[in-house]
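Reader: I am new to reading structures like this one. Could you walk me through it, one feature at a time?

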Amino acid sequence: MTNTNMTDTNQITAGLPGEAVKVPSRLSWTRIKDHPTLVIGGGIVFIMTLLAIFAPLVAPHDPYFQNIAARTIPPVWYEGGTRDHILGTDQLGRDYLSRLIYGARISLLIGFSAVAIAGVIGTTLGLLGGYFGGRVDMVVTFLTTVRLSLPIILVALAIVAVFGGSITIVVIVLGLLKWDRFAVVVRSSAAQISRLDYINSARAAGASTFYILTREVLPNLAPQLIVIATIEIASAILMEAALSFLGLGVQPPTPSWGLMISEAKSYMFFSFWLIAIPGVALATLVFAINLAGDGLRDLISPDGRG
Amino acid sequence: MTALLTVDDLKVDIKTRSGTLHAVRGLSFTVNAGETLCIVGESGCGKSITSLALMGLLPRTAQRSAARLRFGDTDLTDARHARKVRGNDMVMIFQEPMTALNPAFPIGDQLTEAYLYHKGGTKAAARARAIEMLDLVGIGSPAERLSQFPHQLSGGLRQRVMIAMALMTDPKLLIADEPTTALDVTIQAQILRLLRDLQQKLGIAVIFITHDLGLVSRIADRVMVMYAGAMVEEGTAAEIFGAPRHPYTRALIDCIPQPGKTERGAPLGTIAGVVPSLIGTVQGCAFRTRCAFARTDCAASVPERAEGSHRWICIHADHPARMTETA
Amino acid sequence: MGIYLAKRIGLAVLVALFVSILAFGLLRLQGNAATALAGEGASPQDIAIIVETYGLDRPLVVQYATWLGNALTGDFGTSYFFKRPVAELIVSKVGNTVTLAVLSLGIALALSIPLGVLAAVYSGSWIDRVCSLISLMGQALPSFFLALCLVMVFAIQLRMFPASGTGSWQHFVLPAVTLGYYITPPFMRLVRAGMIDALSNDYVRTARAKGLPAHRVVLKHALRNALVPVVGLVTVQLGLLIGGSVVIESIFALDGLGYLAYQSISYRDFPVLQAVVLLLSLVYVVLTLLSDIVNAWLDPRLRVS
């Protein structure tokens, strides 16, 4: 009797506002598995990343080896396909599956590196503007407005045209152009956080500005930053592909998916699979990254707006 | 008297991340034609949810169930029938007049909308009716008001417009969910007087939802006190204020400052503790954690007691304080 | 309102000026424009003539000032490649780009408004999930890949529309569909978010309390209010439209500003490229300025302060 009474009292007092319901730790598996989009998207990205990293071990052939005698062999499921080249060969007789796997390397490498640069630039600007306000904030807002008014693809094309296309140039250009979203979000969050009590107490305790920004403000922004980074990586990958497709990105013979589609254009009537295979690969990777990003956003802000 | 609204075992469950929240737990009551029923309780006791449930306006995450929910001869659990009653015979006004009107349309359009939809007729007829109603709620130069936008009106005026809008279809029941809470004190009194006058003039039944027991004493025919999603006491205004039986009702009444009795500057009564979480089941009396007269068996099931029209749910047959006084 | 307006316009002018410096400086980054222009294997005499003709030996600041001064009077110089005044060239292409932009914007709105409204009304349900899946897939599909797929089906196999070029209305169909599809997902997300916001408003509850049918509540009371902020946000997304038109005009060889920019990049035709970069940036600056002014005018709180 006493026993039931006690559990019953617990039931009533468990949800008192004073002792708010225990929030499970942010990224525990129990919460992640409630978000199938995150599991599916993250899973696909993980597999593609593994393939990209271990490309030399996974790829059946050398992606650069040309064999003029074995040009445009169709994939294995078409008539005339062979087991040796599961996805066929391209117009220069290179194994398409191997080029596709190495292409994932280029996409992911450029996507991650460019967004790393953009993230550092945007976060720094946003932190400065949001934390200091006033003049500093005006400069940050101004730079963001200028950046937003420049058509990113056009500027990227122009810079690549001036400096010549290479992976490094594409990474730098995209890194220098894609920081705006980081800056905007970090700026407004940093402005909010810097007004909170514990930041003031850190300030009162004599913590340096750098310490406050990096140890107190930044960790609070981490979840949001991860979500933006995910979306921006997907967008950077698409942009690299578009630049390479237009001939002003990664240069041949490097296997970039955008470039592969561009090179196959003249063969599209007879060998549309040359375009379809890298196109589908690109769409799948970007879709998976965005799916994971959506899942992450739901995980972080459960009201699911925006 | 004929029952206009019959509510039997009304329940509202809301799905949340931490479990199902039972916002309303088996509520039964009736409203007779032409009478004013006040539903009273602290915020979060489920009184507003109850009003939304009656109107069928619950958010999609909320699940309503009832053994019986009838308006006159109409079964409100049938969505098709309910829609003919809602906004027509049974209308509602809300707490926030500032946001309850659509900023994008002139008030004339918003006034005539429900009338045209439910009653049909010409736009001119609807306009004439709107002018008549605005006049009835005491808005000057009503014809000119029709083309004004909500942001051009003060809060008090907007609440009058809301009332006029509700009266357009000549309703039988008006549900008012804290209609004066968001207004200034002087405006509050005006709106309250207006509601009381209209109720007497037009013979409309009113369900008045409020947390302010002081206000209840001025308008109620009958009072229902709610706590943690359930009824704790119900009776005529005289019964509730004259002889409250439930310790919670008594505590609420003690919180009202009374002219002459309450000393200036003296602290008003408060009820210690907080409302329990409504997630999961509550066994026994939900108020026992804050009740000065709680006994161990309050955790077991507590009987519903009745004395004529006066009902209450408590382990004690009468209010314990009074029993000791008389003893 | 007056002060806000002055500040906002001042900012726009400042941004425009800064953009013009970038547009000018960008293409001078790699030292010698004359060598680039003359092409490989040009003789020193040829280069000297080019330096002379285009005034490339003067200090950069002077070159910039001259260029900006001329640009303000509508003189963007002469195209290296087309040998025609840049301004004339741009005027002749602008119509095609505007047509493409309007058509694709129409397609995007026609798709994104119904889908966004549907997703918002049933937010959290399977309908919402299907809509967000469509939007995610749209975002993932590279526009140039979609363009080639459309060409394959509608130009090569069905022979319904031309694969490239300019001239008739048929030439605009495939580019407009591609570009419209490209900008639909972000629009749809904006409409959805705006509608979810609008639907949570008290006045929507009032409308429901009137017993109005659901479609009246959603389409009249919520959508009307949701569209106001959405229109503002859509203008901000126009950068996407401008950038997208460069890629898509190039693929379809549609003779607009984007294709001109692409050609000028390929031919290192700096006067044209500078002018187009500046112009497209200015379009964005002006449109966001207009949208801010309209928003300020619509929002009584901003109007007062």
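Predicted model: local features only at pLDDT ≥ 70, side-chain atom pairs only at ≥ 80, totals over all residues.

Reader: Let me start with a strand: which residue stands opposite Thr36(B) in strand 9 of chain B?

Author: Residues are numbered from 1 along each chain as its sequence is written, chains are lettered from A and ligands numbered from 1 in the order in which they are written, and side-chain values use heavy atoms, with hydrogens and water left out. Now the general idea: strands of a sheet pair through backbone hydrogen bonds, either parallel or antiparallel. In this case, the residue opposite Thr36(B) is Val206(B). Strand 3 (residues 36-40) and strand 9 (residues 205-210) of chain B run parallel and are joined by 5 bridges. Two strands count as paired if DSSP finds at least two bridges between them; the strands (E, at least two residues) and helices (H or I, at least four) are DSSP runs, numbered from the N terminus.

Reader: What is the strand order of the open sheet in chain B?

Author: The order is 7-8-9-3-10-11-13-12, which makes 8 strands with mixed pairing. At the edges are strand 7 (90-93) and strand 12 (304-307) of chain B, each pairing on one side only. From one strand to the next, the twist averages 20°.

Reader: Which strands does helix 1 of chain B lie across?

Author: Helix 1 (residues 47-55) lies across strands 3, 7, 8, 9 and 10 of chain B, and runs at about 145° to strand 7. For such angles, axes are lines fitted to C-alpha atoms, for helices over the stretch in contact, and the angles run from 0 to 180 degrees between N-to-C directions.

Reader: How many helices and strands does chain C have?

Author: Chain C has 14 helices and 0 strands. Its C-alpha atoms fill a box of roughly 85 × 60 × 30 Å along the principal axes.

Reader: How many residues of chain A and chain C are in contact?

Author: Contact means heavy atoms within 4.5 Å. By that rule, 44 residues of chain A touch 47 residues of chain C. Buried area is the accessible area (1.4 Å probe) that two parts lose on being put together, summed over both. Between chain A and chain C this is about 3,900 Å², with 81% from carbon and sulfur atoms. On the chain A side, Phe142(A), Leu154(A) and Val162(A) lose the most area to chain C, together 16% of what that side buries.

Reader: Which residue forms a salt bridge with Asp294(A)?

Author: A salt bridge is a side-chain nitrogen of Lys or Arg within 4 Å of a carboxyl oxygen of Asp or Glu. The partner of Asp294(A) is Arg189(C), with the closest N and O atoms 3.4 Å apart. The rule finds 1 salt bridge across this interface of chain A and chain C. Helix 13 of chain A gives the most to the side that touches chain C, with 12 residues.

Reader: And where chain C meets chain B, how many salt bridges does the rule find?

Author: Here the rule finds 3 salt bridges. One of them joins Glu113(B) and Lys220(C), at 3.1 Å from N to O. This contact takes 18 residues from chain C and 26 from chain B. About 2,000 Å² is buried between the two chains, 53% of it on carbon and sulfur atoms.
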